[in-house]
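I opened my notebook to look up how side chains pair up in this one.

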Amino acid sequence: MGDTEDRDADFTAYVRARQRHFVRFAFLLTGDPHSAEDLVQSAFARVYRKWSSITGSPDAYVRTVIVNEHRSWWRRTWRHREVTSSELVAHQEPVAPPDLHADGDLWAQIATLPRQQRAVIVLRYYEDLTEAQTAAVLGCSVGTIKSHSSRALATLRVQMLEVTA
């Protein structure tokens, strides 16, 4: 096998192993299963181009690409439409969003948070990243992460008290 074939095989194996996880992660960012799948496919397309140069954890790199791609979608005034023609995608079963029924009220409230606060909450508590790792993914300071986290948690406390009252 040549270098390109090895890279393709490695990338395909990685996508098969991690796609469900990243679609769940993207769903928590977008709140929509279809947008989540589109977001992950866009991110994987970007990651594929850099696959041979990624050092360290590919998960961290993919998470960063997903968050940045999600940001850029919101900055655009138009939505791009993509047609998936990948054999890998064509054979994948649809990925169900995470089971939010157990914590449905909480996830419904998280979905109402501003985009940056929601991203911080998902990265810190769903992805279990440290403040420094979250700051690196979002491209901001640790202080900004602490601020967004504090505001989001305060909002969620008030909203959850209203739900249970």
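Below are my entries on charged pairs, aromatic pairs and charges over rings.

**Ground rules.** I'm working from a predicted model, where local features need pLDDT of at least 70, side-chain atom pairs count only at pLDDT 80 or more, and totals for chains, interfaces and linings use all residues. Residues are numbered from 1 along each chain as its sequence is written, and side-chain values use heavy atoms, with hydrogens and water left out.

**Salt bridges.** How many salt bridges does a search of the whole structure find? I got four, taking a salt bridge as a side-chain nitrogen of Lys or Arg within 4 Å of a carboxyl oxygen of Asp or Glu.

I looked at Arg7 and Asp8, whose side chains meet in a salt bridge at 3.9 Å, N to O. Asp8 is partly exposed at 28% relative accessible area, and Arg7 is partly exposed at 23%. My cut-offs: buried is under 20% relative accessible area, exposed is over 50%, and partly exposed is in between (1.4 Å probe, protein chains only).

Next I checked Arg46, which forms a salt bridge with Glu69, their closest N and O atoms being 2.7 Å apart. This pair links distant parts of the chain, with Arg46 in helix H2 (residues 33–50) and Glu69 in helix H3 (residues 58–75), 23 residues apart. Helices here are DSSP runs of H or I, at least four residues, numbered from the N terminus. Buried or exposed, what is Glu69? Glu69 is buried at 4%, while Arg46 is partly exposed at 37%.

Then I found Glu127 and Arg63 in a salt bridge at 2.8 Å, N to O. Glu127 lies in the loop between helix H6 (115–126) and helix H7 (131–138) and Arg63 in helix H3, so the pair ties together parts 64 residues apart in sequence. Both Glu127 and Arg63 are buried.

**Aromatic rings.** I counted five aromatic pairs. Rings of Phe, Tyr and Trp (its six-membered ring) pair if their centres lie within 6.5 Å; planes under 30 degrees apart are stacked, over 60 edge-to-face, the rest tilted.

Phe11 and Trp51 have ring centres 5.2 Å apart and planes at 75 degrees, so I noted the pair as edge-to-face. Phe11 lies in helix H1 (residues 3–30) and Trp51 in the loop between H2 and H3, so the pair ties together parts 40 residues apart in sequence. Phe11 is buried at 9%, and Trp51 is buried at 13%.

I also saw that one aromatic cluster is formed by Phe11, Tyr14, Phe22, Phe44, Tyr48 and Trp51.

Definitions and conventions. Helices (H or I, at least four residues) and strands (E, at least two) are DSSP runs, numbered from the N terminus.
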